[in-house]
Amino acid sequence: MMVYDVAVLGATGIVGQRYVSFLSKHPWFNLVQVAASDRKAGMKYGSAVSWFIEDPMPSDIADLKISRAVPQDFKGIDIVFSALPTEVAKEVEMQFVKNGFSVFSDTSPYRMEPSVPLVIPEVNPTHLELLKVLPSKFGGILVKSPNCTSNVLSLSLKPLIDIVQELKLVNVVSLQAISGAGYTGLYSMSIHDNVIPYIKGEEEKLSTEPRKILGSIDGNEIVQRNLWIEATTTRVPVIDGHTVVVHVLVERDVDLDLVLKAYEEFSGIPQKLNLPMAPKKPIVLRNEYDRPQPRLDRNLEKGMAVSVGRFRLYKTGGVSVIKYVATGHNTIRGASGNTILNAELAVALGFLKK
């Protein structure tokens with residue numbers, strides 16, 4: 001396998017640190033450049049970052065000098081990973097794309113642009129086909145990962161959709177970890193001993209992004225799936241790991257044993273290709289009465305698995321309601337890990353060439 005030189009934008013934040021940690025030991029991707037805010041440009045990465053995550057800072061990355069997030073300073077870079085703050089991501093990422101770079105990002109701008117792939121590799125890998133036409137539109141390519149909670153929900157819905165095809169209504173309540181707000185995103189007094197029943201902008205993302213992820217390509221655009229999603233998003237005093245409580249309405253009889261079998265056996269293209277970031281089991285079915293739990297299940301498959309459990313089925317008059325709980329690591333499967341896996345899949349399928 002040819003090695004690709006890669007860079008990380010927004011490398012000092014929580015998600016940026018996850019990128020740095022994974023990419024520092026990646027067999028295909030050689031991390032050679034990091035960028036952060038202009039005030040940190042020129043500093044050594046090890047001096048500029050307050051390291052938050054549990055994995056130690058890679059010693060070979062600590063001496064990298066932080067670059068400005070401008071395309072002209074990134075000559076020779078094959079892939080740019082972005083964990084930029086939302087308020088600057090829209091402009092900066094598109095500058096890189098228009099200069100011919102291949103940008104893989106977990107930030108929110110352009111996620112719902114019909115021509116931009118919004119990808120979970122095990123769910124909608126065919127959406128990467130749009131990479132054949134994106135350079136003619138933008139100059140380079142842009143691939144997005146979904147919102148971290150949308151990722152957990154969409155991946156957890158895929159085996160059910162494979163079985164029953166059409167879902168009438170998805171009602172979801174999220175219990176989102178505080179790391180999703182960033183290291184300084186919440187005051188400790190606001191979340192300690194508390195649940196906050198509202199997160200700005202999250203319900204809109206959770207109600208719309210899965211429809212695009214589960215949609216189909218029509219020409220050079222993605223057409224959203226006709227799916228009704230009602231969402232309530234909450235913040236809970238958990239450090240890492242987003243949980244969703246899901247009720248799915250289906251207008252037909254459903255065999256719960258077949259549903260559970262689909263979850264137990266679920267796999268995707270990343271597993272068939274044995275991609276470096278791919279979990280052996282992207283979905284882990286928990287049969288215990290009190291699982292999944294974020295503290296116990298968020299790090300399964302190095303944080304790349306979504307755990308599902310508490311399956312229950314209610315039937316009446318030819319209508320079925322499937323109830324379950326799912327948990328996934330928000331900064332790994334929900335952000336950095338999914339985005340790196342997107343890039344691996346694009347390489348493996350021949351969409352990225354050196």
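## A walk from the cores to the salt bridges

The largest nonpolar core holds 62 residues, and Leu 9, Leu 23, Phe 29, Ile 79, Phe 81 and Phe 104 have the most contacts inside it. A nonpolar core here is a set of buried Ala, Val, Leu, Ile, Met, Phe, Trp, Tyr and Cys residues joined through side-chain atoms within 4.5 Å. Buried means under 20% relative accessible area, exposed over 50%, and partly exposed in between, with a 1.4 Å probe and protein chains only. Helix 12 (residues 332–348) supplies the largest share of this core, eight residues. Helices (H or I, at least four residues) and strands (E, at least two) are DSSP runs numbered from the N terminus.

Before we go on, please keep in mind that this is a predicted model, where local features need pLDDT of at least 70, side-chain atom pairs count only at pLDDT 80 or more, and totals for chains, interfaces and linings use all residues. Residues are numbered from 1 along each chain as its sequence is written, and side-chain values use heavy atoms, with hydrogens and water left out.

Let's look at Phe 29. Not counting residues up to four places away in sequence, Phe 29 touches Tyr 4, Val 6, Leu 23, Ile 79, Phe 81, Ile 340, Ala 343, Glu 344 and Val 347; contact means heavy atoms within 4.5 Å. There is also a second, separate core of 35 residues, with Leu 118, Leu 167, Val 250 and Val 308 among them.

Next comes helix 8 (residues 202–213). Its buried residues are Glu 202, Leu 206, Ser 207, Glu 209, Pro 210, Lys 212 and Ile 213. They pack against helix 6 (148–164), strand 7 (169–176), strand 9 (221–223) and strand 10 (228–235).

Now for the charged side chains. The whole structure contains 18 salt bridges, each a side-chain nitrogen of Lys or Arg within 4 Å of a carboxyl oxygen of Asp or Glu. One of them pairs Arg 18 with Asp 240 (3.8 Å, N to O). This pair links distant parts of the chain, 222 residues apart: Arg 18 lies in helix 1 (residues 14–23), and Asp 240 in the loop between strand 10 and strand 11 (242–250). Arg 18 counts as buried because its relative accessibility is 3%, and Asp 240 is buried at 11%.

Asp 73 and Arg 68 also form a salt bridge (3.0 Å, N to O). Here Asp 73 is partly exposed at 30%, and Arg 68 is partly exposed at 37%. Finally, Glu 288 and Arg 286 meet with their closest N and O atoms 2.6 Å apart. Salt bridges with shared partners join Arg 286, Glu 288, Arg 291 and Asp 297 into one network.
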